[in-house]
Every structure is written in structure tokens, then in C-alpha cells.
Amino acid sequence: MTVISLSGLSFSIGDKTILESVDLAVEEGEKVGIVSANGAGKTTLFRLLTGEYTPSSGSVFLSKERTLGILRQDEAVSLENGALSLFEYAVASFPTLLRMEEDIAALEASLAQAQTEGDEAALISLSGRLAALHERYKREGGLEYRSRCRGMLLHLGFSEADLSRPVASLSGGQHTRLALSLLLAAEPDILLLDEPTNHLDMDALFWLEDFLKGYSKTVLVVSHDRYFLDRVTQKTLILQYGRGKLYHGNYTSAKLEEAEAQAAQEKNYKEQQKIIARIEANIAFQRRCGQAHNFVTIRAKQKQLDRMERVEATRAPEKQIHFSFQGKTSYSNDALTVKSLAFGYGGAPLISNLSFLVKKDSRIALLGANGCGKSTLMKLLAGKLSPQEGSIAFADSVEVGYYDQEVRSFDEKKTVFEELHDAFPKKTNGEIRSALAQFLFSGEDVDKPISVLSGGEKARLTLAKLMLCPSNFLLLDEPTNHLDIGSREALEEALLEYEGTVLAVSHDRYFVDKVAGALLELSPKAENGCVLYTPYEDETAYGCYMRHRAALAEEKSEEKAPQSEAKEDYLRQKQDAARQRAERAKRERAEKRIPVLEAEIEAYKKELYGDAASDYVKAAALQAKIDEAEEELLSLYEIVL
């Protein structure tokens, strides 16, 4: 059954066309990925689906029989009830069930009063209403919604302690995770997810992928996470130049099919152009001849051209950033040494006893659960914070370039051009504009105030500043956040060509797998506070990390197995004890019943051979009672013997 349908959908703002003649049909239960460059219309498409925008032309169909849930990119939850704890806030997102609980409590109180007063009519009426409300409450998920809320919060990176925190104390990333938790707990029929993997650590990412793969309802997801798209989606809508093309398969298969289709189209276009050129040359030759029969040929050839279904030339891919970092490698082999590092906010230590060594020209990805201190460590290394204990030592001649995921290093009042020009006053205007053009800032874009830039534009401007600043050691804190797939690929290539050392925090597994030569996972339980993963034989460092995760998961399952066996033994013993108690009670009842039956049989026989001896009807009835009692007596003897 089709639950979403777009037909000839177009949307324009002024003279700028965002979407043009987009067609899409989504069947119930399908999972569709939507991919494009930033600003190409993905979020606009969602807003057209929800009715926030009205199409310039075309139509949108969304099944009214289905519930709809949407997660907007970097969505913040309302702080109207910011004093509530996370768990209270999550539960409060089910107002219908909460009202039913109040109604049930009120009915139960009225029922108790009616029982006290002996009002039978009220008792009957209230009992019926209470039973119906209980049934509806159960049907709509009242018995499990609290546990579902709790489970979603824990799976998406919140700890047990976090559940008691006031919502007002959450960071922006935590707001998005809370909004995603509430949405998944509600289990809508259609999920619209705009960048749901933002702010999720590895464990939460893997859990979300497994959850959505097993989700029986419809999912439309906008994402730049290539691994996520490959694991979750079954169809892929690629938006380019405002047009949409739907492919069957996940992101990787869609890109392969797109490349094959474009290659075939380009080949057909070139072949057709050769045919057209030959026909046009023939027409030109016939015109030069100027004879009557030549004009007949000209008309025939022209008709052939007019009837020809033209193959469109393939359009060049939409512009992507392209750049390289300026690297210098003149320093000793031990680029960075961290010893017994400790730091915390307030009383509790966030990082403690952390020690590691980074070698010159290595590319290391820094991993760890949300809240373990990765961004804090990067700020410590960049000199934005000072260690409370331990030491950080860079080699002599190391020049650090730092990318802050929060992109707070801008003056919001400046324009894009002014920000870069003031940071590099020795660069000419032409050099500044050329650098900005590499990051897709051209024309009027360079005069935009920074305050109006999107997250992706700020990320590109940060990379532009980083590119112009010579460095030989890059500290990158979530550099792929807000970047589209093309920009991520450009960043990956730039880092692979970079002549220097890289330490990067990233949850983009494709980026980590392609760029990182080693993985450093922050882990308070590990010796020195971290675990280093390096490539083994033909596998990447990320492959080594995943193999280690799989081994740990297997160990945990093996540890749980004996517990399960012990539990089964306990249950068996419990069942055996219950069975023995039942048999003992049965034997005791039999022992009590036997003398009663024996006495009854003796009385029946006495009467049979006495007063009833000459009454055949009465004698027959007594004999039947004797037979029945003796049969029961024999079965009781079997129990007690």
C-alpha cells in the first residue's frame, strides 16, 4: 500500500527553483534514504511532506490513516518544562496515556465509594466503564510506554544518572538525542528523520541501525552517514539540480547504478551527436548542390532530425569543495606525548590518568562513548583548557591547526569575506576570494553575515581558515559534522594527501575507516585510560576495532550463558519442588478419603444384603454406588502405595 506519493513536485522561492518535477512513491514498511549536496532540497522536501511548505506545482499525498513523526536536524526540545527530568519529560510526551491513568484512578476511587455505599447500579456502571478504559489503556501501550521511554533514552547514549537530570541542563546534542528518543518511543507509522545520526556515539549508532532495520513501519531518512544508509535503507532518492531519481537499493548500490546510467547516457549522447552531425552535414551538402531533388532529400533528412528523440547530455555533478592542507613535517618522531593527564569540571574527574604517544605523520581517530571527554581532550591539546594533572608535550617545531566542532571562533557580525581577510591580512583580496571559492563561497555568498550561515556553511568556512593556516599537526573535533557526502569525500582525500600528523574525533565510520591508520579509544577501565587499535595484516584499523567489538560481544554472551543455565536449573528445581508438593498433597487427600470410601462401601453392602435384598430396583442402585466407590478406592490405593 502506498503511504507517500509525490507527483511532479516543484518548489521555488522567488526565481530560485529548489525542487523540480520530483516523483516518489513509498510503500508501507519501506525504508528510503534521501541523498544530496547541502542546500539541494532535502529538508525542503520534508517540509513539503509535513505541509509546512506549499508546492509551487505538483502534488503531495500522505496517508491520513497513518501517524507521522519527524526529527528535524539538530532539533531542540521545548524548555517550557525544562525543570522536568529527562525521564519525566519523556513520559510527559504521552499525554493521552497520562490522562487515561488519571481517569482510571478517579474511576477506581468512585468504585470504592459505591462499594462502601452498597450502590449496586453504580457498581455495575463504574465496573463496565473501568474495564473498557483498562482495555483501551492496554491497547494503546499504557502497560509498556514508561519502560519503552527508559529503554530508548539508555540506548541513545544517556546514563541512568542522566535520567534524573533536568532537561534545561542538556547540551544541544543531548537535546537532539532526547527528541529522537521521544520520537522512537512513540512508534509512529511514518518516520521522517533528518540527520538522525548527529551526536550519536558508536554504540548508539549501531543500536539505531538495528532498531530501524527491524522497524516494521515506514522510514524516510536524510543522512550523510554512508555506513548508516547502507545498513538501513532499501531505496535511495538522489536529488541533484533540483531533480530527483529513485534507485532500488542502498546508498552504495544507488551510486553504482547512477554512475552506470550516466556512463550509458553519455555514450548514447555522443553516438547520437555523431549521427546528428552526419545528417546535418548531408543537409548542408544538399543545399550547396541546389538541385530540385536535393531539396527533397533535405526535407526527408530534416524530418528525420525532427522525429529523433534527443538524448540529453549528462550534467556535470554539482560543485563540491576541493582543497588541500599545507603540511610541514620538520619535527621529531614523537609528535605528541601525553602523560598521566587528568581534568574534570566541578568535582568529578572526566579524564584521569590518561597517557598515550602520537608518532609523526600518523593519522589517528579518537573514539569513545558520548560524555567520555573526547572534545575536552581536544581542547586540552589545543591549549583552550589547562590540565589539572599530568602533562601534554608536543615536539619542537609542531604547529597545531585546530578544528572546533562547535565553530565558535567566528565574529558573527562579520561577513564571510571579512572573517577570512581579517584572519589572514597578508593575503590579497584575490587569494581570499579564490580560497572561498574552493569552499563554494562565490558571488554574493562572500558578503553574507556569518550570523545567517547554516551549520554546513560554517563548517566549510572553518575548513577554509584551517587550509590557509600552515600546520603540521591537525586536531579535528568532528570535522564531518554538517558536511554533505561530497564535502566529506573531499576532506578525506585532503587528509590522505596531508604531509603531517592528524588526530581526529569522528563518529563517521566511513571517514574513520578510510583515513585513520590507528584508532585510540578512551576507556577509563583500560590501562593508561585508553586502548590503541592498529591494522592487522590486510585489515584497516577500523576493521581491527570492529573485530575487537565482536570478540567482546561474544565473550559477554558466553558469560551470560552459564547464568542462563543456572537460571534454568533453578526453574527446574522450583518446578520439581512444586510437583513434589502437589503429589504429597494428593497422597494426603487420598489417605483421608480411603477410610471414608471404605465405610461407605461397607454401609452400601449392609443395606444391599439387608432391607434391599428383595427390592431389585433399590439393589441395582446400591450395586452401582458400590462399583463406583470401589473404582475410586482402587485409584486411591495406587496413589498411596
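Predicted model: local features only at pLDDT ≥ 70, side-chain atom pairs only at ≥ 80, totals over all residues.
Figure 1. Helix α3 covers residues 95-117 and helix α4 covers residues 120-139, and their axes come within 10 Å of each other and cross at roughly 160°. Because angles over 145 degrees count as roughly antiparallel, the two helices α3 and α4 are described as roughly antiparallel to each other. The handedness of the crossing of α3 and α4 is left-handed.

**Figure 2. Contact between helices α12 and α14.** Here Val416, Glu419, Leu420 and Ala423 of α12 meet Leu461, Ala464, Lys465 and Leu468 of α14. The residues of this contact divide into six nonpolar and two charged, with no polar residue in the set. Helix α12 (residues 416-423) packs with helix α14 (residues 455-468) at an angle of about 20°, the axes being 11 Å apart. Since angles under 35 degrees count as roughly parallel, α12 and α14 are therefore taken as roughly parallel to each other, and their crossing is right-handed.

**Figure 3. Asp411 in the loop that leads from β14 to α12.** Asp411 is placed in the loop between β14 (400-403) and α12, and with a relative accessibility of 34% it counts as partly exposed. When residues up to four places away in sequence are not counted, Asp411 touches Glu419 and Ile450; Glu419 is also one of the α12 residues that meet α14. Asp411 and Ala90 are separated by 321 residues in sequence and, from C-alpha to C-alpha, by 37 Å in space.

**Figure 4. Helix α9 and its buried residues.** Helix α9 runs over residues 251-289, and its 39 residues, at 1.5 Å a residue, should span 57 Å, which agrees with the 56 Å found between its end C-alpha atoms. The buried residues of α9 are Tyr251, Ala254, Glu258, Gln272, Ile276, Ile279, Ile283 and Gln286. These buried residues pack against β3 (31-35), α8 (226-232), β8 (235-240), β9 (243-248), α10 (292-307) and α15 (485-497). One of them, Gln286, has a relative accessibility of 11% and so counts as buried, and Gln286 touches Asn294, Thr297 and Ile298 when residues up to four places away in sequence are not counted. Just after the helix α9, Gly290 takes a positive phi of about 70°.

**Figure 5. Strand β10 around Lys339 and Ser340.** Lys339 lies in strand β10 and, leaving aside its neighbours within four places in sequence, is in contact with Leu354, Ser355, Gly390 and Ser391. Lys339 and Glu389 are 50 residues apart in sequence, while their C-alpha atoms are 9.1 Å apart in space. Ser340, likewise placed in strand β10, has a positive phi of about 45° although it is not a glycine. Most residues other than glycine have a negative phi. With a relative accessible area of 37%, Ser340 is partly exposed.

**Figure 6. Ser324 in the loop between α10 and β10.** Ser324 is found in the loop between α10 and β10, the latter strand covering residues 334-344, and its relative accessible area of 40% makes Ser324 partly exposed. With residues up to four places away in sequence not counted, Ser324 touches Met467 and Ala494. Although Ser324 and Leu466 are 142 residues apart in sequence, their C-alpha atoms are 9.9 Å apart in space.

**Figure 7. Glu478 in the loop between β15 and α15.** Glu478 is placed in the loop between β15 (473-477) and α15, and its phi is near 50°, a positive value in a residue other than glycine. With a relative accessible area of 6%, Glu478 is buried.

Notes: Residues numbered from 1 in each chain as written. Heavy atoms only, no water. Axes fitted to C-alpha atoms, helices over the stretch in contact; angles between N-to-C directions. Helix = DSSP H or I, 4+ residues; strand = E, 2+ residues; numbered from the N terminus. Parallel < 35°, antiparallel > 145°, perpendicular 65-115°, else oblique. Left-handed = near helix turned anticlockwise from the far one by under 90°. Expected span 1.5 Å × (residues − 1). Buried < 20%, exposed > 50% of the residue type's maximum accessible area, 1.4 Å probe, protein only. Contact = heavy atoms within 4.5 Å. Nonpolar A, V, L, I, M, F, W, Y, C, P; charged D, E, K, R; others polar.
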